[in-house]
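User: Hello! I am new to this structure and would like to learn how to read a few of its features. Could you walk me through them?

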Amino acid sequence: MSTLLAKSITDRLSKVVLIDPHSHINPLSATASNLSDLLGYHYYTELAHSSGLAKEQIEQVGISPKEKVARLMTTMRPISNTVQWSWMVDLCQSLFGWDEPTIDLKNWERLYDLAESKCGSIGWEETVLDKSGVESIFLTNEFDDPLEGFDLKRYLPCLRTDDLVFHFAKPEVRKRLEACTKSSVTNLGGLKAAITNRFEHFQAKGVKACAISLPPSFTPLKISDESASQALVDILKQSVSASPNSIESLSRWIFWSLADHCNEYNLPFDLMIGVNRQVYPSGVYQGQDLYDSRVSLIQYAPLLNAFPKVTFPISVLASVTNQELVDYAWIFPNVVTNGHWWYSNTPSIIANDLRARLEAIPRTKQIGYYSDAYKIEFILPKFNMYRAILGRVLTQDFAIQRNWSEEDCVALGAEILRSNVERIFGP
Amino acid sequence: MSTLLAKSITDRLSKVVLIDPHSHINPLSATASNLSDLLGYHYYTELAHSSGLAKEQIEQVGISPKEKVARLMTTMRPISNTVQWSWMVDLCQSLFGWDEPTIDLKNWERLYDLAESKCGSIGWEETVLDKSGVESIFLTNEFDDPLEGFDLKRYLPCLRTDDLVFHFAKPEVRKRLEACTKSSVTNLGGLKAAITNRFEHFQAKGVKACAISLPPSFTPLKISDESASQALVDILKQSVSASPNSIESLSRWIFWSLADHCNEYNLPFDLMIGVNRQVYPSGVYQGQDLYDSRVSLIQYAPLLNAFPKVTFPISVLASVTNQELVDYAWIFPNVVTNGHWWYSNTPSIIANDLRARLEAIPRTKQIGYYSDAYKIEFILPKFNMYRAILGRVLTQDFAIQRNWSEEDCVALGAEILRSNVERIFGP
Amino acid sequence: MSTLLAKSITDRLSKVVLIDPHSHINPLSATASNLSDLLGYHYYTELAHSSGLAKEQIEQVGISPKEKVARLMTTMRPISNTVQWSWMVDLCQSLFGWDEPTIDLKNWERLYDLAESKCGSIGWEETVLDKSGVESIFLTNEFDDPLEGFDLKRYLPCLRTDDLVFHFAKPEVRKRLEACTKSSVTNLGGLKAAITNRFEHFQAKGVKACAISLPPSFTPLKISDESASQALVDILKQSVSASPNSIESLSRWIFWSLADHCNEYNLPFDLMIGVNRQVYPSGVYQGQDLYDSRVSLIQYAPLLNAFPKVTFPISVLASVTNQELVDYAWIFPNVVTNGHWWYSNTPSIIANDLRARLEAIPRTKQIGYYSDAYKIEFILPKFNMYRAILGRVLTQDFAIQRNWSEEDCVALGAEILRSNVERIFGP
């Protein structure tokens, strides 16, 4: 009975039209062209590599898409248990009409052809979005993205700021900033003006959020303009050879300035907390990052206190930080929980983290899920996974344990799936 | 079938008469006077504030109790999913006979009147305790509490020592200590005598435990009398401007002296580990504290080793510390687990933590639950929540997975709910 | 229905013949002689002590085995809820044919006699292994173990290296190394040669792995030969009074040298991460160790990157580290997960950790379980516990949630129970 109810709730939640509040979609190339574009997603290349396929095999320059798929398929049996693989199977069944229960060495070539034909069909992008029940999708845009050539109603810009905060000491980042702002950044005033310029540019294109991913060691603090000016002098002179102190100070100053701008431009500031970059530098592209789970949201208390008007949708990389996230969202009016990020985006971890959120944080302060996808085809299977978990949790924790009606369960689910996205990021 | 068995076990556990081993009840004003006293509990004010209600609205001086409730009720829909809110609904249904499934903007005024009439009825305190199946309740008493004017059989004193350990540098704390001990604290001997005086005072009133809440950074160590004397000189002269070293040294010395007294007076020492105070200083009253989950019980190893005869009932604030708690209680004879504290007092977290305890720690070393309540009306719904979880865990982990009889499950549940409280804290 | 399916899967997994990939079996005395040898396992003595039995009672020299059991049985009611105790009951029922549901003060003497007669019966070792479905068992051998006098097909040596890495400053360790290698260790070259000698010795006996347990503070780093030489001079002169820096440097150098040898000898290097020794020094034998759960696998990134050809089967002591373990095994080709160690070897923790592994790590990179046993009688009940959990997780997460067939579930279970052990450690 509980299984039936969970299925019913999940089915009803599947009818809620989605706004996907975080992705890496390139709106100029939103769909896959073939199976290689899908199996080339880092979730598959890194698992293939982890299972023994050499990086050189996977990333060899000049091989055909089909050859790449052929190589990756040799390690698909070892990863057949993973939820990541189950997304691929669901994707192929739901979007391509793949009619077999698995994808294996015997049948993948037929799938390859099927995928190529579907992906090349007229209106494929609309078809995918329609089958996926997706209305619009948040992007991840570099600060110098011109934000042109795509439908700004469907693809909603978000200003990603990792480069500004963590790579400003690199000359190429500063050059990009100067180029896109048509200004020269030779002092703190210039830097601030350049940042403002970017907020103006993004604002004009309907920006939804400012966003950044942060290493466990980062602790935001307000840095005086005087200290930041000195740090900037050092960095302009020595670039990445500047003193670690200068680099850290200017990182903090830029980060704080971004928060200032969020405050001024009335923009949520998405914080994605906890990633260490290039822990495994010999890994495949985008399969090199891991983390140190010893991080605390108390590092962000000065920021949360300083900007009471800025909403901070927070994602954490490791589940061990989820309880802190729950409790900071419970206490701080400006903290909301944001999806299930990356290494915490697997079913058993989502279920635990979701339970803890649903039972203790106001329902209005939870953004249920985002796809984090690079191709729109992945939105459907990822949301399918999430909705199935959400349906089970609502059934067990609310319908059964707290005697909620199915109606009320669906309303709660729909609120965190959709309504909160609209309210928190603006219509 | 498992649902029926869980319900049966829970029902039988509900008949176990309780001793509530930790609360903040004021025995001179143990019950609520009206709905405002209940909705004024920090769990509701902080969630209301988190949901957007201004602190100034909630804490405005001079508003009537009914006006306060009216304001809080405007944010009750956003928190209707929380378990905290479910306590309120259960409380009203179980104690006031509230006959609707929810409390909302349409019906709260009728509830307000009903609550006022019930709370004002003759013998309400006895009625609540009787309906709640509570025999006696541990208090949280400041060191200078006269412990007079209430029934010492029903309300059992516990000596709370946060002020002595962490705020001794404040002149007002020292004045309070001098006033209640009628002594002057001008040297270490005087301080020790004053502490002894407090243990004598509390002992005469049937004290059950010494108790303290501790920040994650605290690491108990034995400080020599010489160092402590120097620290005391600095503090007597400079108060809170004394050197951080002096303040830390004396904190540690006082803490260690409390443990010495617990040893001498044969008193359990409740440690509530992990809270950071005032992380969100603009929060509502009692809604400002959070934590850094990076804490380890290894910090307490010197203490646990130095006082083998003192029982330490330990509560941890974050679930991530629960496994350490389980394992320290498994190894150290003088460590017992104590309830599910504050931010870990929500169902999914209780269930995980409880499972890990029941399967690995001797059954005699687990104190199941305490209410932490400020008004006795909250004991019932909180214990109801706990007993339902306990019933489910006993059913799944013991009856089903380990073939225990219902009888044996109930016996285990009753032991951690009641018998252990009596044995550990004395009859 | 799901209960039936779980039972069916578990039953089928029970037919998979095991290679136990980690134990502390002494192959010259692999079985218990009587109940005292079983109840003398640290899991029982430490819980008995934790429940109040004095260490002096438990470890009194000269008491008879029966007297020891009599004393331990006085605290068996308090630990009757623990899973550790359930192993004992299962063991007695499954191996001795004990026909009562419990072991208590009234019936233990009969059990004592039964156990003594069974343990003394001809072919008991074969009987136990046969009933337990065990083909071979990995050992834990000190570096100077002669590895003689036992069946090297059944008992497979593993080179345990804690003493070399963490106790080399003790003169007795150096003497043992010199004695078994018939060499003198007076400089770094000599030390390296001695290590090589040990790998040669173990290699000749069919060694399966190099293994070590590591404290949370340990961070492997490559130390230059020059620094290590200086450290060695200091240690040879001052032993444990050498500078902490020298001791740490040489620890790291020896550890790195072991990894070098694993690389050269094509041997997996088992890392058991997270234990602090002697946290409770007054505890019973082997019941003194605990931990600080604040540890991260990022500490091991330099090692994992430096030795891509060495497989590192990693065990973590605290469940909080399990997600990092999952994610490092997901990304690093040379990391595999290894069993459920010690304080994480209880059902609720195994279930959580197992779920997270099965859903995200390639199935070929997971070693399901090891017994860690000191007597072969414990292999059966521990694996029984694990298989029951594995059966439930496969049923819920794969058969029900992902529509896997029973056949596929069993295949996945068998792979992590057996096939991976063979492939990873060699046939």
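This is a predicted model: local features need pLDDT of at least 70, side-chain atom pairs count only at pLDDT 80 or more; totals for chains, interfaces and linings use all residues.

User: How many aromatic pairs does a search of the whole structure find?

Analyst: Rings of Phe, Tyr and Trp (its six-membered ring) pair if their centres lie within 6.5 Å; planes under 30 degrees apart count as stacked, over 60 as edge-to-face and the rest as tilted. Over all chains, the search gives 78 aromatic pairs. In one of them, A:Tyr44 and A:Phe378 are stacked, 6.0 Å centre to centre with 25 degrees between the planes. This pair links distant parts of the chain, 334 residues apart: A:Tyr44 is in helix H3 and A:Phe378 in the loop between strand S11 and helix H17. Helices (H or I, at least four residues) and strands (E, at least two) are DSSP runs, numbered from the N terminus.

User: Is A:Tyr44 buried or exposed?

Analyst: Buried means under 20% relative accessible area, exposed over 50%, and partly exposed in between (1.4 Å probe, protein chains only). A:Tyr44 has 0%, so this residue is buried. A:Phe378 is buried too, at 1%.

User: Which chains does the pair of A:Trp330 and B:Tyr343 join?

Analyst: The ring centres of A:Trp330 and B:Tyr343 are 4.8 Å apart with planes at 70 degrees, so the pair is edge-to-face. A:Trp330 lies in helix H15 of chain A and B:Tyr343 in a loop of chain B, so two chains are joined.

User: What about C:Asp90: which side chain of opposite charge is nearest?

Analyst: Lys and Arg count as positive and Asp and Glu as negative; His and the chain ends are not counted. A salt bridge is a side-chain nitrogen of Lys or Arg within 4 Å of a carboxyl oxygen of Asp or Glu. C:Asp90, in helix H6 of chain C, is buried yet has no salt bridge, and the nearest opposite charge, on C:Arg387, is 7.5 Å away.

User: Which residues lie nearest the centre of the largest cavity?

Analyst: On a 1 Å grid over the protein atoms alone, a cavity is a set of points where a 1.4 Å probe fits but cannot get out; lining residues have an atom within 4 Å of a point. The largest cavity has 14 lining residues, with A:Val320, B:Val320, C:Ser293, C:Arg294 and C:Val320 nearest its centre.

Technical notes. Residues are numbered from 1 along each chain as its sequence is written. Chains are lettered from A and ligands numbered from 1 in the order in which they are written. Side-chain values use heavy atoms; hydrogens and water are left out. On a 1 Å grid over the protein atoms alone, a cavity is a set of points where a 1.4 Å probe fits but cannot get out, and a pocket is an open set with protein on both sides within 12 Å along at least five of seven lines; lining residues have an atom within 4 Å of a point.
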